[in-house]
Amino acid sequence: MKRSILTPVALAIALMGAAPAAADCYADYKAKQQNPLRLHYGVIQLADAACDNRLRARRLIERRIAKDGWQLLNVMSIFDKKGLAQRKESAGKYYLRY
């Protein structure tokens, strides 16, 4: 009895279609460093799982910026790519840095 390759291929295609699409979501935030006190405003792209969950977004941002000694103060907002252009100038070198 021959096994049809169509069934595994059809299953693979169906599973690929069921995978969530990559979300274009971002957050803007404020962070600080101590000694000397430094502040920055930044814009960061979020992972899909953090797009609709402010606590997950906060944890993700904290981990990323901590690598350079920054401490997260506040997640300002979570938004889609339509909000990027208006925040680019304000974020300066912290625009999509992390």
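This is a predicted model: local features need pLDDT of at least 70, side-chain atom pairs count only at pLDDT 80 or more; totals for chains, interfaces and linings use all residues.
The model contains one disulfide. C25 and C51 are its partners, with an S to S distance of 1.9 Å. That distance falls within the 2.5 Å cut-off, so the pair counts as a disulfide. A disulfide is a covalent bond between the sulfur atoms of two cysteines. The torsion about the S-S bond of C25 and C51 is -85°, and the link is left-handed. Distant parts of the chain are joined in this way, as C25 and C51 lie 26 residues apart. C25 belongs to strand β1, residues 25-33. C51 sits in the loop between β2 (38-45) and α2 (54-66). Both C25 and C51 are buried.

Strand β1, which holds C25, also pairs with β2. The two strands run antiparallel and are joined by eight bridges. Within this pairing, A27 stands opposite I44 of β2. Together β1 and β2 make a hairpin, with four residues between the strands. N35 lies in the turn and has a positive phi of about 55°.

The loop between β1 and β2 also contains L37. The relative accessibility of L37 is 57%. Exposed residues are those over 50%, so L37 counts as exposed. L37 forms a nonpolar surface patch with L39 and L73. The accessible area of L37, L39 and L73 together is about 310 Å².

Terms used:
Residues are numbered from 1 along each chain as its sequence is written. Side-chain values use heavy atoms; hydrogens and water are left out. Buried means under 20% relative accessible area, exposed over 50%, partly exposed in between (1.4 Å probe, protein chains only). Patches are made of residues with over 30% relative accessible area and no salt bridge: like charges are joined within 9 Å, nonpolar side chains (Val, Leu, Ile, Met, Phe, Trp, Tyr) within 5 Å. Accessible areas come from the Shrake-Rupley method with a 1.4 Å probe; for residues, only the protein chains shown count as cover. A salt bridge is a side-chain nitrogen of Lys or Arg within 4 Å of a carboxyl oxygen of Asp or Glu. Two strands pair if DSSP finds at least two bridges between them.
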